[in-house]
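Here are my notes on this model, point by point. Please read them with the structure open.

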Amino acid sequence: MSEFQEPDTFAALEKREWAKSDVAQSYAEVFAKASDMVVPSLVAAVGAGPDIAVLDLCCGQGNVAAGLLKAGARVTGLDFSPAMLKIARAAVPEVRFVEGDAMSLDFEDQTFDAVTIGFGMPHVPDPPKVVAEARRVLRTGGRLAFSVWCGPEVDTALGYVFGAIGQHGSPDIALPPGPGANDYADPTIAFPVLENAGFSDCRQFTVASRWHVQDPGAPYDFFLEGTARGGALLRPQPPENAAAIRAAVVSKVLEKHGSGPDWDVPIPAVVTVATAI
Ligand SMILES: C[S@@+](CC[C@H](N)C(=O)[O-])C[C@H]1O[C@@H](n2cnc3c(N)ncnc32)[C@H](O)[C@@H]1O
C-alpha cells in the first residue's frame, strides 16, 4: 500500500520524513558528502570569523555549523528534526543547537551578524517567510547566504533521479503541492523575494559539488535512503518501478560520465548571498 493513501501536506511530509532517524543518518553519512563541499562557500559568503554571531537555519547534521565554528564564529544551529539535531550535537558539541521552525524564529530582532541556510530553502513550505525571518533577526549590514541544488537544466544527479522518476515512477505516487526543489537557484525567483524582505546586493555563484561513487546507481540509493522529497517519491514505488528508475539512473551516469570503474557524478549547487539593509 502506498505511503500516501491519506491526504498529506508538504509541511507534514517534510516534518515526518526528516524526523526519521534512518533518513537523517543516511543523509548525514552519504548524501551530505556533496553538501559538505558547499560549506566553505557559505562560510566565506557571510564573512564568518571571530566575533561574528551566525545563525545556521535548517542546520541538519551540523556541517555548516562546523565550518562556521572553524572560522571562529559564534554559532547557533536551528532545525526542526530531533534526529538531525542528535547527530549535530554529537558531531559539533561546541555549537548551541536549538529545535525550531525556520519560518517562525524564537529570537529577538537583530540578534545575528549573519544567517546561513544549507539546502533548507526547498524544504520549507513558505520560503519567503524564512527570508523575512532571517532579515528580522539580522542586524543591518549582516549577510544571508543560502545554497540550493541546481535544476535539471545542467548535468546533475538530481536531474538524473527525478528524470527517471518522471519516466518510470508509478503515476499513483506524487508529492503534495509545495515549492519547487530548485526554485531558489533561479535569480528571477530568489532576488525579488530577498529585495522585498529588505536585502540588497543580491548575487549568486555556482559550486561544482559532486559525489565520487563506485556504483553508477549510487545516486538513486542516496536519494532513496537519505532525502525527504526524493525519498517520499521513491520509497513507496512498487518493485518493478523502483528497478526501472534505478536502471535509468545507471544508464544516465554511464552515458554522461563514462564506463567507470568509478564515477564523479555532479550535483552542483547555487549559493545566493544578500546584505540586510
Ligand atoms: C537537506 S537538509 C540540509 C542539512 C544541512 N544544512 C546541509 O547543508 O547538509 C535540510 C534540513 O532542513 C531541515 N528543515 C526542513 N524544514 C525545516 C523547517 N521548517 N524548520 C527547520 N528545519 C527544517 C530538515 O530537518 C533538514 O535537517
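1. P187 is found in helix 8. Helices here are DSSP runs of H or I with at least four residues, strands are E runs with at least two, and both are numbered from the N terminus. P187 is partly exposed, because 14 other C-beta atoms lie within 10 Å. On this scale 20 or more such neighbours within 10 Å make a residue buried, 12 or fewer make it exposed, and partly exposed is in between; the C-beta atoms are placed from the backbone. P187 and K86 are 101 residues apart in sequence, and their C-alpha atoms are 34 Å apart in space.

2. A word on the source. This is a predicted model: local features need pLDDT of at least 70, side-chain atom pairs count only at pLDDT 80 or more, and totals for chains, interfaces and linings use all residues. Residues are numbered from 1 along each chain as its sequence is written.

3. How do helix 6 and helix 8 pack? Helix 6 (residues 127–137) and helix 8 (residues 187–197) meet at an angle of about 40°, with their axes 9 Å apart. Helix 6 is therefore oblique to helix 8. Angles under 35 degrees count as roughly parallel, over 145 as roughly antiparallel, 65 to 115 as roughly perpendicular, and the rest as oblique. The axes are lines fitted to C-alpha atoms over the stretch in contact, and angles run from 0 to 180 degrees between N-to-C directions. The crossing of helix 6 and helix 8 is right-handed, meaning that the near helix is turned clockwise from the far one by less than a right angle.

4. Which residues make this contact? Helix 6 gives P127, P128, V131, A132 and R135, and helix 8 gives V193, L194 and A197. Contact means C-beta atoms, placed from the backbone, within 7 Å. The residues of this contact divide into seven nonpolar, no polar and one charged. Nonpolar covers Ala, Val, Leu, Ile, Met, Phe, Trp, Tyr, Cys and Pro; charged covers Asp, Glu, Lys and Arg; the others, Gly among them, are polar.

5. Strand 5 holds G142. G142 is buried, because 25 other C-beta atoms lie within 10 Å. Beyond its neighbours within four places in sequence, G142 contacts F112, D113, A114 and A276.

6. Now the ligand. The ligand is surrounded by 21 residues, and the closest are S35, C58, G60, S81 and G118. A residue counts as near if its C-beta atom, placed from the backbone, lies within 6 Å. Helix 1 (10–18), helix 2 (21–36) and helix 4 (63–70) each give two or more residues to the shell. The shell divides into 11 nonpolar, seven polar and three charged residues.

7. Check the backbone at three places. Most residues other than glycine have a negative phi, and most peptide bonds are trans.
   - F119, in the loop between strand 4 and helix 6, has a positive phi near 55°. F119 counts as buried, because it has 23 C-beta neighbours inside 10 Å.
   - D201, in strand 6, has a positive phi near 50°. D201 is exposed, because 11 other C-beta atoms lie within 10 Å.
   - The peptide bond from G260 to P261 is cis, with omega near 20°. P261 lies in the loop between helix 11 (239–257) and strand 8 (263–266).

Methods:
Contact = placed C-beta atoms within 7 Å.
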